[in-house]
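Here is a set of questions and answers on how labels follow from values. Look over the sequence and the model before reading on.

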Amino acid sequence: DYTTVGMNNCGSDSDDNDDDYVELANDGDTDMSIGQSRLQCLFCRNQASVDLDDLINKHLPAAHGIANFASLLVSIGVQDQPTWVQFVAFVRSKNFNATTTEDGRLQQLLDEFRVTAGAVQDGSGDNTIPSAPVGDIDDPLMYEVDIEELLQSQGLHATADLRAAGKSNSNSQAIDKDQRIVELELQVESLKTQIVSMSTVLRRFALGGNSDDVIPAASSRTIAELKDDEDGYYVDSYSGASIHAEMLQDRIRTGGYHDFIAGNPLLFNERVVMDVGCGTGILSMFAARAGAAKVLAVDCAEVIARAKEAAAENGLENRISFYRGKLEQLDELKVGVKVDAIVSEWMGYCLLYEGMLESVLYARDHCLKPGGAVYPRICNLLLCGIDSEELYQRNALYFDNVYGVRVSFLKERCLSEPHVAYDLQSDWVATSSALVCSIDMLTASAYTSAKVESVPVQLTALRDCKLHAIVGYFDVDFLGNGDAGVNVSFSTGPLSQVTHWGQTVFYLRSPISLSSGQVLEFHVSILPPHDSPRSLLVEFDWSNGTRSEFRMD
């Protein structure tokens, strides 16, 4: 028989719905309410709670003398979601049962994990525990516990890099403090993305699908046609403060927009400017300070109320007007509103993710004066190949052996859903880059620009290599071949400074060996699925007739 297990929607504050449940097999000896999962204590068999807070804050102190579970985890090297999965699998493989708060075996267990995890991190361990049984583990604790939230609630940071920082204080002190904060937050965001991807796989299983399902055809629906309840996940994801703090702290992104706008007052002075997807209003305030006569700031999310407060705080409330809602549905902007320039930070992962391009092009077609401008002007999507056995082992192959335990559904997730990476090393780049599409924001079609359909790609090997993944990234050029002025451009590629977009990694099920100078040829399609125009379907059609399919939700 089966038990219904509730999955947290890690990427949104919205309430869970029926799609957020998945049926998992159990032994038939538990009594659960629908939508609740029994969380068995890691250290004994006497507690099976449906309340995570009770388990951590009441049971652990009383039964095992663990007053601060978060600090204990950090002390043994559990500081991110992957090491938490390791720890749960390790403890379960031991079939451990501590009977009293004085049970010395518990400390021995923790010490053993600390030593083993340290050996794996140092590269001296083999990532296995000889006594661990081999089998599949799908323990609710692996995904019910949000390590980032738990550690931050105790004033700790959820990043494995803290361990590395502790090993080299002299190196850490040499890193600029502000930049270090940005790097850590980017890495946390990477973990969030992985957790959201995990929940997506489970939701598909709940709907009766499997990893071999054919990816649906491209969407014919537009963003404007999405109802509020259908688009709530996307809107809510931009209503919190943390995601905007992360974007503002991205120096390449925010600094690029600032340098372009501030460096070109002639393009903005006495002009009417529209900021599509204004978020915190930072671009609107840049434009107002550059001399814009009026700025129209548009956003769907609740954060626009904070943007209005920020404008007032900076004395710009009379220069910026704020409009909450979808641009396509705002009657006050549909009739008679014409602007000289549009600015927008619309780019998503792999450039096209989240479908915001459609809204910017709608603004261009309905609100831009003849001879007006859109900034940035040119956006290019590119692919390259990387050779990294380390990255492949760490992600695609890791779940073959989590301390002797297979966790196959997470491996499948790695191979069917792209991974956003922030730590790709330049020497992993093993091929030339190929331009997949170039979008001129003044001339691009609103109907076809967000779709890449069977585009031929050629990647030339820079050396003898084994390709483990294809990587997607984008470049932007603010002026392109348009207006004269101070141009600004930046890249999100693996050879450039890291941004909050990272790079989108598509792992290959079978790595491809290439000789130096050899050309890898294939076709790529990047399309929105019929059920979610903000998502992406990515297909690589290889010359041998096979296809690799990925979905970004």
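Q: What makes residues 1–36 a stretch of pLDDT under 50, and how many contacts beyond four places in sequence does the model have there?
A: This is a predicted model. pLDDT is the predictor's confidence in each residue, from 0 to 100. Over residues 1–36 it stays under 50. The model has 66 contacts beyond four places in sequence for this stretch. Residues 199–217 also have a pLDDT below 50, with 36 contacts beyond near neighbours in sequence.

Q: What is the average pLDDT of the protein?
A: The average is 78. A score of at least 70 is reached by 70% of the residues.

Q: Why is Cys350 called buried?
A: Buried means under 20% relative accessible area. Cys350 has 3% relative accessibility, so it counts as buried. Cys350 sits in the loop between strand E8 (339–343) and helix H17 (357–367). Its phi is near 55 degrees, a positive value in a residue other than glycine.

Q: Why does Glu354 count as buried?
A: The cut-off is under 20%. Glu354 has 14% relative accessibility, therefore it counts as buried. Glu354 also lies in the loop between E8 and H17. Glu354 is not a glycine, yet its phi is positive, at about 85 degrees.

Q: What makes the bond between Tyr375 and Pro376 a cis peptide bond?
A: Omega is about -5 degrees for the bond that joins Tyr375 and Pro376, and the bond is cis. Pro376 is in the loop between strand E9 (368–375) and E10.

Q: How do you know that strand E10 (residues 378–386) is mostly covered?
A: Count the buried residues: nine of its nine. Ile378, Asn380, Leu382, Cys384 and Ile386 point one way. Cys379, Leu381, Leu383 and Gly385 point the other way. All are buried.

Q: Why do side chains alternate along a strand?
A: In a regular strand, side chains alternate between the two faces of the sheet.

Q: What makes E10 and strand E12 (residues 434–440) a pair?
A: Two strands pair if DSSP finds at least two bridges between them. Six bridges join E10 to E12, and the strands run antiparallel.

Notes:
Residues numbered from 1 in each chain as written. Predicted model: local features only at pLDDT ≥ 70, side-chain atom pairs only at ≥ 80, totals over all residues. Heavy atoms only, no water. Buried < 20%, exposed > 50% of the residue type's maximum accessible area, 1.4 Å probe, protein only. Helix = DSSP H or I, 4+ residues; strand = E, 2+ residues; numbered from the N terminus. Contact = heavy atoms within 4.5 Å.
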